[in-house]
Amino acid sequence: MVISLSVHNLLNQRKYPFIFAFFLLLIFVTLLLISNSHSPISTTADLGQPDPYSSKPFPSPPLENTAPSDNDRNIINTTTDTSTDTAGSIGSVDDESVAVEWKVCEGSVAVDYIPCLDNTKAIMALQSRRHMEHLERHCPDPSPRCLVPLPQGYKIPVPWPKSRDMVWYDNVPHPKLVEYKKDQHWVVKSGDYFIFPGGGTQFKNGVGHYIDSIEKALPIIEWGKKTRVILDVGCGVASFGGSLIDRDVITMSFAPKDEHEAQIQFALERGIPATLSVIGTQRLIFPDNAYDLIHCARCRVHWDADGGKPLMELNRVLRPGGYFIWSATPVYRKDERDKNVWKSMVALTEAVCWKVVVKTFFVTSHIGVVIYQKPVSSSCYENRKENNPPLCDHASRPNSSWYAPLDGCLPRLPNYAQEWRSSWPDRLKSKPPTLIPEPDAVKIFNADTRHWSALVSDVYLGGLDINWSSVRNVMDMKAGYGGFAAALVNLPLWVMNVVPIHETDTLSVIFDRGLIGVYHDWCESLNTYPRTYDLLHSSFLFRNLTQRCDMIDVAVEMDRILRPGGYLLVQDSMKIINKLVLILKSLHWSVNLHQEQFLVGKKDFWRPEGKARI
């Protein structure tokens with residue numbers, strides 16, 4: 001009423017400029033109100049982490065396709081802020097941004113580049129190589145932000161199980177082993193393929209015959225029941241571990257990146273679990289008392305070197321009552337050199353209280369084998385005539401094996417040592433002996449198992465755009481108790497469970513369950529070749545990780561180790577996912593979002609045109 005009277009008075013007084021200004025102001029206010037009422041829902045709103053122990057099935061709504069647009073390619077904008085908000089996600093889309101222009105790595109090792117093992121500058125500066133220091137980790141700082149190129153002619157890998165016997169030559173174009181081991185039938189080139197006949201230095205009648213002979217010599221081993229988790233030292237092309245897969249045995253094959261060109265790369269291309277490592281000056285990245293059995297067939301390790309530290313490292317990771325199989329010439333040859341090595345081995349194994357349970361000669365294969373057993377009680381250590389090597393002082397001994405020096409002492413055996421783990425597959429779901437003895441520990445462990453079983457069956461296997469038939473090599477980047485791997489155990493794939501060093505240490509539990517894994521810091525590069533995994537899984541990894549390092553660097557590493565056509569499956573908050581989507585789109589990955597918490601990225605064959613020296 002007041003407004004209408006005022007306008008009428010203005011008209012009578014012929015004050016038209018005031019009337020015009022008034023109506024302009026009214027239109028502006030109206031437009032502002034309409035704009036606010038139609039503002040889009042924020043895509044950076046945080047989603048709290050779902051109850052990790054809930055077994056409630058997840059619904060499966062349609063997937064939203066967010067494939068990369070042309071504007072997203074090559075150059076990305078992402079945030080540098082690392083402050084945390086109340087929901088735990090990182091930064092804000094309004095923070096200061098940085099630009100990254102992708103370039104391809106260039107250099108003599110670019111195609112197979114492993115940043116922490118190919119740091120030439122650091123390796124050249126080493127004071128000594130006596131203890132294999134040059135084959136250990138030396139990570140560059142800062143991490144290189146170049147993308148590893150593809151080998152010329154690279155193809156989608158041969159699918160499992162065919163890949164166990166043959167792989168594309170162009171994917172691993174390293175023929176050196178063909179010539180170097182031609183009399184031992186490690187690997188043979190045949191047309192466009194490498195063929196793996198199952199031979200080896202000690203597998204003269206084939207690896208299957210060798211494995212059968214071991215079980216006949218010591219039936220209590222019971223492949224795939226009592227013996228489930230194995231470490232194969234100096235594994236060659238991993239034919240030993242590959243053959244044991246059919247017997248429900250999972251073998252971690254390892255060897256250094258050395259003159260035996262690409263042996264671990266061959267293993268992973270075949271779909272066999274493997275990692276690059278060396279027994280040098282630092283501990284292996286496994287927990288104490290992890291493996292049921294350790295195998296060495298002519299693995300070229302001097303066990304008595306440096307006061308016996310290499311063998312003491314095996315003793316550390318071998319579970320109480322576990323077995324060490326040593327197939328080497330000192331076991332059966334009588335020349336002076338082999339006799340001296342055997343004499344040293346006898347003295348060292350007696351000092352660490354290992355007993356010989358089998359020493360035999362396989363007549364048809366013309367090789368000798370000795371099998372040792374680790375004690376199940378520390379009483380032998382205490383009753384030795386000499387306290388050498390001494391028992392470890394647990395107060396000063398670091399718990400983690402990440403960048404930890406080799407022990408010169410014997411760790412005391414745990415209280416549960418006399419109880420062998422449950423037989424496979426019962427051990428997968430039974431109470432792990434190393435589970436932290438807290439009031440609700442078993443309840444939490446069981447709930448975690450149920451949670452992952454439901455999530456994998458209801459969402460991962462049926463509700464996401466993943467072709468699981470093409471997936472063989474899988475990595476869980478934040479494994480927890482290994483529930484994700486346990487839920488996939490009936491599929492024809494294997495999972496490398498990674499326990500980040502800044503998270504709760506659950507790696508012993510993972511081994512208790514009959515699974516395998518390693519410690520790692522995702523702010524650094526992993527000890528594996530490029531293009532070795534079909535699927536990377538991450539469940540709420542980035543929330544804490546990006547407080548210590550840049551998400552771009554982690555994405556570069558994921559791009560390095562994932563095969564073209566491979567998948568990244570991320571469960572996280574939308575704020576984390578939005579930032580990751582920007583990076584993945586710039587890498588020409590296709591991206592799908594599911595239920596506003598599951599991100600599926602698929603890597604393409606794209607590589608940038610620019611070059612960056614490494």
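Phe540 is buried, with a relative accessible area of 5%; buried means under 20% relative accessible area, exposed means over 50%, and partly exposed lies in between (1.4 Å probe, protein chains only). Phe540 sits in the loop between β19 (533–539) and α15 (542–545). Helices (H or I, at least four residues) and strands (E, at least two) are DSSP runs, numbered from the N terminus. The phi of Phe540 is near 55°, a positive value in a residue other than glycine.

Before going on, a word about the model: it is predicted, local features need pLDDT of at least 70, side-chain atom pairs count only at pLDDT 80 or more, and totals for chains, interfaces and linings use all residues. Residues are numbered from 1 along each chain as its sequence is written, and side-chain values use heavy atoms, with hydrogens and water left out.

**Backbone details**

Asp306 also has a positive phi, about 50°, although it is not a glycine. This residue belongs to helix α8, and at 39% relative accessibility Asp306 counts as partly exposed.

One runs from Asn388 to Pro389, with omega near 0°, and another from Trp424 to Pro425, with omega near 10°. Pro389 is in the loop between α11 (379–382) and α12 (441–460), and Pro425 lies in the loop between α11 and α12 as well.

Here are these backbone angles side by side.

| Site | Angle |
|---|---|
| Phe540 | phi near 55° |
| Asp306 | phi about 50° |
| Asn388 to Pro389 | omega near 0° |
| Trp424 to Pro425 | omega near 10° |

**Aromatic rings and charges**

How many aromatic pairs does the structure hold? There are 22. Rings of Phe, Tyr and Trp (its six-membered ring) pair if their centres lie within 6.5 Å; planes under 30 degrees apart count as stacked, over 60 as edge-to-face and the rest as tilted. Phe324 and Trp354 make a tilted pair, because their ring centres are 5.6 Å apart and their planes stand at 55°. Phe324 is in strand β13 (residues 318–327) and Trp354 in the loop between α10 (336–351) and β14 (355–362), so this pair links parts that are 30 residues apart in sequence. Phe324 and Trp354 are both buried.

Elsewhere, Tyr169, Phe194, Phe196 and Phe266 form one aromatic cluster. The charged end of Arg270 sits over the ring of Phe196, 4.2 Å from its centre. A charge sits over a ring if NZ of Lys or CZ of Arg is within 6 Å of the ring centre and within 35 degrees of the ring normal. Arg228 likewise lies over the face of Trp424, at 3.6 Å from the ring centre.

**The nonpolar cores**

In soluble globular proteins, nonpolar side chains tend to be buried together. A nonpolar core is a set of buried Ala, Val, Leu, Ile, Met, Phe, Trp, Tyr and Cys residues joined through side-chain atoms within 4.5 Å. The largest one here has 146 residues, and Trp303, Phe324, Trp326 and Tyr460 touch the most other members. Not counting residues up to four places away in sequence, Trp303 touches residues including Val233, Ile279, Pro310, Phe324, Trp326 and Met345; contact means heavy atoms within 4.5 Å. A second, separate core of 12 residues includes Val172, Leu177, Val237 and Ala262.

**Helix α10**

With 16 residues, α10 reaches 23 Å from its first C-alpha to its last, close to the 22 Å expected at 1.5 Å a residue; the expected span is 1.5 Å times one less than the number of residues. Its buried residues are Asp338, Trp342, Met345, Leu348, Thr349 and Ala351. Among the elements covering the buried residues of α10 are α8 (305–317), β13 and β15 (367–373). Asp338 has a relative accessible area of 2%. Leaving aside neighbours within four places in sequence, Asp338 is in contact with Thr329, Pro330 and Arg333.

**A three-stranded sheet**

An open sheet has the strand order β5-β4-β23, with parallel pairing. Two strands pair if DSSP finds at least two bridges between them. The edges are β5 (146–147) and β23 (611–613), each with a single partner strand, so one side of each is left without a neighbour in the sheet. Two bridges join β4 (residues 103–106) to β5, and Lys103 has Cys146 in β5 as its bridge partner.
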